[in-house]
Every structure is written in structure tokens, then in C-alpha cells.
Amino acid sequence: MTTTANISQSLLPLDSDEDRLPGAGSPQPFKWGVCSGADSWTNDPVKISNMSDPPIIEGLLRVKEVATVVGAAKTAKTWFALYLALMVAAGERFLEMVTHRRKVLYLDYELKKGTFEKRMSLLEPERPEGFFYQCLRGESRLPTVAEITELVVAEGCGLLVVDSLYRTGWLTEENNNDSTSRELTALQTFTANTSCSLLCVDHTAKGGGSERSAVDAARGASAKGGFYDALLVLRPTDKGPDPQGTYAILDAVLRDWPKAENLPLISFWWNATQCHVELAGNVERNEAETNRTRILEAISDADKGISIHTIAIVCSIGESTVRRALGAPPMNTQVVAFPDPTHRQRVLYRLKDFAGAPLQTAPNSST
């Protein structure tokens, strides 16, 4: 019988002129590790259950996995990711899921240092031991994956959070499948070499991703969808019990966990000194999307504001439906209306800032 060693030897790449890259000299031989299925197969349920890497968050994230949090602009992605990181660092339950304590490094590329520290303090009522961070906004020189790897290994981190992926400079052409697939592979190499899981915060595609499945919701190349071990898509919703509350549905696609029948409904609640992120219930998959959800996602994706007419086109619904939704609870407390600087008679809408200034009520108006 042919052994694994014999197969590996027979498949070693040749060191020929054809194998050399221009200017690179002789390439390193590929290290084959072909395994025998007959030797590794088992019907022992205990062994099968231990074949996967151990969990960091039960039912959501394992050691050495690469995950992403996806959501439209201002849909509480950073609040969600920061809360997840703090719960892992403390070994406390995350949305009722058991966590296994790990040292956490959070690299934030978007927020000012004071803003980040304010959010951390609002989310965590006790001193967050085991949680470390660096704010990289405004830095002229950002760290490479290799430099982050060196730091993670030296410090013994078990979870790295990168917020947000598009600010890192790691993806040269975000809409190119070939380059995106190749460049994202470095993140899998990072987790394999460090045993540190990685969570990247990302934005949805244009339109808020409301018309896309969770696996295709991230902005840029479609190669992203198949790359991640866990895609955690946050969809704003009006399904919560409090008409004045802020809610999101967690639509998760997981490689190594069973698919959930119902989707978690997450509540975000703020006051001057605290922010609470809680599991408010569950939503059936076929009820996860409503007209109001789609309208919220369209508004959240429009950085400079969006008119009723444009919302209707993006969501493929009538303008009267959009107008009624904007004027009714809870949406009239979730959006801000303001005059279009380029059109005197037009009103635009944007999402309110979380934990921000008092809201204006969106008026009933024309486009």
C-alpha cells in the first residue's frame, strides 16, 4: 500500500527554471502533508466531538477562526464588537452564550482615543483586566499583519479585534476577487501561527445589504463570503418590544456550528453613564426583514443623507410607505431630518448618532 510519506515524496515540486519567479530565485519547496482518510477516520463520538478547535464563544467562535462583524454605517457594529471583546476578556456570558476567557487585543482604526475609552467605560462597569487596545486613527504608518503577529505572540493574546478592515490597508482592491482572496489568506495564516482568533469589523455592500443573504452582505468582493469561518451580520430592525429602543437582528453564518432556527434580537440601550447590550429575544428567519428594516438599512448606508424618493427606489417600495414608516414609532426617534443643501425644498434623512444629542422628529414631507 502507498504510504503518506511516499505520496508526499512523489508530489514534491520540482526546482526548475519554470518554478522560479522573476527576481525571486529558487522557490521554497511546498511542504506536503497528505493524510490517509482510512487512518484518521473514527466512529468514536468522543473523538469526533474533540476534532474541532475549542470554543471561545460557545455556538459562535472557535480558536484559530477568522470572523467578521458586518453592518451598515451607524448600526452599532463597534458597540457590538467592543462588547464581545470585553465579555471574552472577562470570561462573562455574551448574549447568553458561554465565553472562555482569553487575553484580548483591540485595534481600532476609526475612533478617537477619547471616544473609544468612553465607549469602553460605558460598556464595562468594572476594570477590564485582560483587555488591551490601541487607537490607530490618524497614524501615518499602520502595522502590518507580520508586526501584529509578533505582538500577539509576545503578549499571548487569544482574540484580536480589527475595527475596521477597510482602514487597515491590507486589501489593495476590495472589489477584486483574485487579490482579495489572496490577501485575506494572510489572516488565516495569522490565526494558524498564533492560535489567536481574529474578528474583523466590516461594512455592508451598498444598500445596506438588505437584499443580500448574510454570506454576501459584506462590501467588496464576493470572495469575502466564503472566506470567513463566521459572518455576524447586524441588521437594524423595529422588532423590539420597546418602540423607542434600538435593536438589531444578528444573522450569523457559521462554518463549524449548527445553523440556528431563530435569529437573536439584540437590544442596545444607553444613558449618560452606561450602555447595555442584551439579548432581547429571538426572531424567526422568515420574519427578520420588514419594510422598516430595509428603510433603516438604506438610510444607514447614505452617509450624506437620503430622500424619501431615493429610499423608495432602493427598497422597491412606494413613497407613501416610506413616508408613513419615517413618521411612525420607532423610526421617528431613530432618524434625523435635515434640509438638502443642494435643493431648498427637499428633506434628507440620516440615522441619529448612538448615545448622541437629543433627536429631532422626522417631519412628514415630500421628497
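Predicted model: local features only at pLDDT ≥ 70, side-chain atom pairs only at ≥ 80, totals over all residues.

Biologist: How many helices and strands does the protein chain have, and what percentage of its residues count as buried?

Modeller: The protein chain has eleven helices and 13 strands. Of its 367 residues, 46% count as buried, a word that requires under 20% relative accessible area.

Biologist: Why is strand β8 called mostly covered?

Modeller: Strand β8 comprises residues 230-237, and eight of its eight residues are buried. Buried means under 20% relative accessible area, so the description "mostly covered" follows from that count.

Biologist: What makes both faces of β8 covered?

Modeller: In a regular strand the side chains alternate between the two faces of the sheet. On one side of β8 are Ala230, Leu232, Leu234 and Pro236, and on the other Leu231, Val233, Arg235 and Thr237; all are buried.

Biologist: How do you know that β8 is paired with β3 and with β9?

Modeller: Pairing requires at least two bridges between two strands. Four bridges join β3 (residues 66-71) to β8, and these strands run parallel. Eight bridges join β8 to β9, which run antiparallel.

Biologist: Why are the buried residues of α11 said to line one face of the helix?

Modeller: The buried residues in α11 (residues 319-327) are Val322, Ala325 and Leu326. Seen down the axis of α11, they fall within an arc of 95°, so they line one face of the helix. An α-helix has 3.6 residues a turn, so residues three or four places apart point the same way.

Biologist: Against which elements do the buried residues of α11 pack?

Modeller: They pack against α9 (291-300), α10 (308-315), β12 (335-339) and β13 (347-351).

Biologist: What makes up the lining of the second largest pocket, by class?

Modeller: Its lining has 13 nonpolar, three polar and three charged residues. Of the 19 lining residues, Gly59, Leu60, Met97, Ala260 and Pro264 lie nearest the centre of the pocket.

Terms used. Residues numbered from 1 in each chain as written. Heavy atoms only, no water. Buried < 20%, exposed > 50% of the residue type's maximum accessible area, 1.4 Å probe, protein only. Helix = DSSP H or I, 4+ residues; strand = E, 2+ residues; numbered from the N terminus. Arc of directions from axis to C-beta. Contact = heavy atoms within 4.5 Å. 1 Å grid on protein atoms, 1.4 Å probe; cavity = no way out; pocket = protein on both sides within 12 Å on 5 of 7 lines; lining within 4 Å. Nonpolar A, V, L, I, M, F, W, Y, C, P; charged D, E, K, R; others polar.
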